[in-house]
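Dear colleague,

Please find below the structure that I am handing over to you. A summary of the findings follows it.

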Amino acid sequence: MKTLQELIRPNIWSLAPYSCARNEFTGEASVFLDANENPYNQPFNRYPDPLQVQLKEKIAALKGVRPTQIMLGVGSDEPIDLIFRIFCEPAQDNVVAINPTYGMYGVCADINNVAYKQVNLNDDFSLDAQNVLDACDANTKVIFLCSPNNPTGNSLERSEIEKIVTGFEGIVVIDEAYIDFSNEPSWLASLNAYPNIIVLQTFSKAWGMAALRCGMAFASEDIIAFFNKVKYPYNLNLLTQEAVLKQVEAVEQKNKWVETLLAERSKMIANLQNLPLVKHIYPTDANFVLAKVDDANKTYTYLVNKGIIVRNRNSVTLCQGCLRITIGTPQENQELLTALAQMV
């Protein structure tokens, strides 16, 4: 890969980050008169830990990485945005992403005035590494890969991802938001082998904490240091930190949820395949299925009128005629199936 200094925007490389009061002191104290806080209404009167040290230690032990390899953000969207702000010079650099994929990559590119180049997956949603590499040029700083992919649900072939990681001189982002539902191994174990990768994960899916907005970026210590430079000082509030800290102790509960959802996913696929309006169910390693139906727009509107909300992906590249259906509780899943069976 290129050196970090070649990849990072010059103004970010030389940036003097904001130094908040809690960054300047570590250790034990009983009187805090440094941050202009109200001394009343504890514990909410105090600014939260800007680097989430305690939470990162728990996550590091859980994920098999070092705390210094972790950046915690407001969902995965914050680190995605920071990647553009750290590496991409507006109106000059570009990024490459697969298509279809998670829409926030393109939105963040537009917000940051960075050209967004899309490379279509194959018709079966498989990845062709050479097509991605061919789309890169001297100003391509980042490649975004989502695996398992959204909205298609499939895991990208590891060998194809590896071709991109080893063949590209810039940063490769591997978004693993749905990794807990897949049998494929995470790329976290490869952080030390490939210093140009950033792995994204989240507490929103398998952990059932979407409302808390806590995402994880894993990378080399050098890259994480720039995340910490650029992020807002107190980006993760106290309530989120405390709630996530408590929930990460409940690994067994998370694993039971995943087991239940995978069993329900199998039932959902089997039942959908028996419905005449369903033409195809695509392979999935996520907590959702992508189903091709007779008339996606009509079916979506019909379900909305029944009070059942799925995602209409009919206008997405390669997903024409498709609905994305999240796996819910057994009762929710049955309500959907019953409604579809009654559709005329």
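In which sense do strand 9 and strand 11 pair, and over how many bridges? Strand 9 (residues 288-293) and strand 11 (residues 322-326) are paired in the antiparallel sense, over 5 bridges. This is a predicted model, in which local features need pLDDT of at least 70, side-chain atom pairs count only at pLDDT 80 or more, and totals for chains, interfaces and linings use all residues. Residues are numbered from 1 along each chain as its sequence is written, and side-chain values use heavy atoms, with hydrogens and water left out.

The sheet

Strands here are DSSP runs (E, at least two residues), numbered from the N terminus, and two of them pair if DSSP finds at least two bridges between them. An open sheet is formed by 4 strands in the order 8-9-11-10, with antiparallel pairing. Strand 8 (278-281) and strand 10 (311-312) stand at the edges with a single partner strand each, so one side of each has no neighbour in the sheet.

Strand 8 is joined to strand 9 by 3 bridges, and the two form a hairpin with 6 residues between them. Here His280 has Lys292 as its bridge partner, while Ile281 has Ala291.

The nonpolar cores

A nonpolar core is a set of buried Ala, Val, Leu, Ile, Met, Phe, Trp, Tyr and Cys residues joined through side-chain atoms within 4.5 Å. The largest has 47 residues, of which Leu127, Leu145, Ile164, Ile197, Phe203 and Phe218 touch the most other members. Apart from it lies another core of 32 residues, including Ile12, Leu82, Ile83 and Phe226.

The cavity

The structure holds 1 cavity of 30 Å³ or more. A cavity is a set of points on a 1 Å grid over the protein atoms alone where a 1.4 Å probe fits but cannot get out, and lining residues have an atom within 4 Å of a point. The largest cavity contains about 90 Å³ of space, the volume being the space filled by probe spheres set on the points. Among its lining residues are Ser147, Arg158, Glu176 and Trp187. The lining divides into 7 nonpolar, 2 polar and 3 charged residues.

Note on methods
Buried means under 20% relative accessible area, exposed over 50%, partly exposed in between (1.4 Å probe, protein chains only). On a 1 Å grid over the protein atoms alone, a cavity is a set of points where a 1.4 Å probe fits but cannot get out, and a pocket is an open set with protein on both sides within 12 Å along at least five of seven lines; lining residues have an atom within 4 Å of a point. Ala, Val, Leu, Ile, Met, Phe, Trp, Tyr, Cys and Pro count as nonpolar, Asp, Glu, Lys and Arg as charged, and the others, Gly among them, as polar.
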